[in-house]
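Biologist: I have the sequence and the coordinates open. Could we go through the fold together?

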Amino acid sequence: MCESRPFNSQSMVATLTSTPPSFLPLWGKKLPTFNPTQCLGTGKEALEISSNEYIKTNTTGFPEKGISTRPGTSSTPRPPRPRRIILVRHGESEGNVDETVYTRVPDPKIDLTEKGKAEAEAEECGWRIREMIEKDGANDWKVYFYVSPYKRTLETLRHLGLAFERSRISGMREEPRIREQDFGNFQDREKMRLDKALRLRYGRFFYRFPNGESAADVYDRITGFRETLKADIDIGRFQPPGEQSPNVNLIIVSHGLALRVFLMRWYKWTVEQFEGLNNMGNGNLIVMQKGYGGRYSLSMHHNEEELREFGLTDEMLIDQEWQKIARIGELNYDCPMVNSFFPHFEDEGCIT
């Protein structure tokens, strides 16, 4: 008889508190220090002055080839994963308060409102992130930013960044693949209202706006970004040369739908589960925090009530609890979605 256990947050807490220290990675080797604010010149100069072994030991110029993918190999071990991946939606934009703006201003050039810029949203979000990081008690923490090239996300990052001095910022990258869903250039207000009504009938994930994108199209480019992000994590590209700190926090400043699609892709949520998610508020954040086995879980930072408000179902919550203790590379063979998808499993005594 197979049996899927119901969601029980108290039992999971008991499990986590008894998790052995062996879940935590050990990074005993201390590498030479390097000034994180130093600007490098040409690629050749960067290689010459870098004390980062992942570059120095790799004569091909591709640090990925010096990374070990299996235990027991002689290659350089993987750098520590970032402590968090923090997803931030841009502050309130002019389009959020006046939809007619889309008829005369290109979507990528729409700015934040004064409320979106000020302490109420973008800047306040930065201080919230800093407070969260400082509670870790680490002295060597840093942040690295990925940002959509739209004006409202760039402005959000500029104001969010006021919470961090230069020595705390290890770098940033403008990333077009995490831009807003394309709605079709300049928008006709009445036609857009009709299109959005049709989207509700057709399905929020598959409906493609005329001359624009569907959420499924966004999923495809977010998949490409996810692969780049995972490669950056694996080689520690956001680590200043010579440093191997586990206290780096990645911050992705993007748009509501793009961030929901990113979570859908990362956690392999279904279309139905995606369509049940609620949008994040302007200037709000979702935190993916590294769990006891090295995987990222929303439940490490957020409580059950917050995740249910975002739209997570019982099955999704159970999976997030599993993510907290699972090791990198493990699969959840007791996935509750399998039991609930196949009705004939009820005859075998499976609890869905």
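Biologist: Which strands does helix H6 lie across?
Modeller: This is a predicted model. In it, helix H6, residues 122-134, lies across S1, S2, S4 and S5. Its direction is at about 165 degrees to S1.

Biologist: What is the order of the strands in that sheet?
Modeller: The sheet is open and has six strands, in the order S3-S2-S4-S1-S5-S6. The pairing is mixed. S3 and strand S6 (296-297) are the edge strands, each pairing on one side only.

Biologist: In what sense do S1 and S4 pair, and over how many bridges?
Modeller: S1 and S4 are parallel, with six bridges between them.

Biologist: Changing topic: which residues does UniProt list under "active site"?
Modeller: The UniProt entry, which is unreviewed, lists His90 and Glu180. They are spread over 91 residues of sequence, yet they cluster in space, the largest C-alpha distance being 10.6 Å.

Biologist: Where is histidine 90, and is it buried or exposed?
Modeller: Histidine 90 sits in the loop between S1 and helix H4 (94-97). Its relative accessible area is 2%, so it counts as buried, the limit being under 20%.

Biologist: What is histidine 90 in contact with?
Modeller: Leaving aside neighbours within four places in sequence, histidine 90 contacts Asn96, Arg152, Thr153, Thr156, Ser254, His255, Asn282 and Gly283.

Biologist: Now glutamate 180: where does it lie, and is it buried or exposed?
Modeller: Glutamate 180 belongs to the loop between strand S3 (169-174) and helix H8 (189-202). With a relative accessible area of 12%, glutamate 180 is buried as well.

Biologist: Which residues does glutamate 180 touch?
Modeller: Not counting residues up to four places away in sequence, they are Asp107, Ser148, Tyr150, Arg152, Glu213, Arg221 and His255.

Biologist: Let us turn to packing. How many residues are in the largest nonpolar core?
Modeller: That core has 38 residues, and Ile85, Leu229, Ile252 and Met288 have the most contacts inside it. Elements giving two or more residues include strand S1 (84-89), strand S4 (248-254), strand S5 (285-290) and helix H9 (215-235). H10 gives the most, with eight residues.

Biologist: What surrounds leucine 229? Skip the residues within four places in sequence.
Modeller: On that basis, leucine 229 is in contact with Ile85, Tyr146, Leu250, Ile252, Phe262 and Trp266.

Biologist: How many residues are in the other core?
Modeller: The other core lies apart and has 19 residues, among them Cys125, Val143, Leu157 and Phe164.

Biologist: Finally, what are the totals for the protein chain?
Modeller: The chain has 14 helices and six strands. Of its 352 residues, 49% are buried. Among contacts between residues at least 6 apart in sequence, 72% join residues at least 24 apart.

Note on methods:
Residues are numbered from 1 along each chain as its sequence is written. This is a predicted model: local features need pLDDT of at least 70, side-chain atom pairs count only at pLDDT 80 or more; totals for chains, interfaces and linings use all residues. Side-chain values use heavy atoms; hydrogens and water are left out. A nonpolar core is a set of buried Ala, Val, Leu, Ile, Met, Phe, Trp, Tyr and Cys residues joined through side-chain atoms within 4.5 Å. Buried means under 20% relative accessible area, exposed over 50%, partly exposed in between (1.4 Å probe, protein chains only). Helices (H or I, at least four residues) and strands (E, at least two) are DSSP runs, numbered from the N terminus. Contact means heavy atoms within 4.5 Å. UniProt positions are given in the numbering used here, feature names are shortened, and annotations may be inferred rather than shown by experiment. Two strands pair if DSSP finds at least two bridges between them. Axes are lines fitted to C-alpha atoms, for helices over the stretch in contact, and angles run from 0 to 180 degrees between N-to-C directions.
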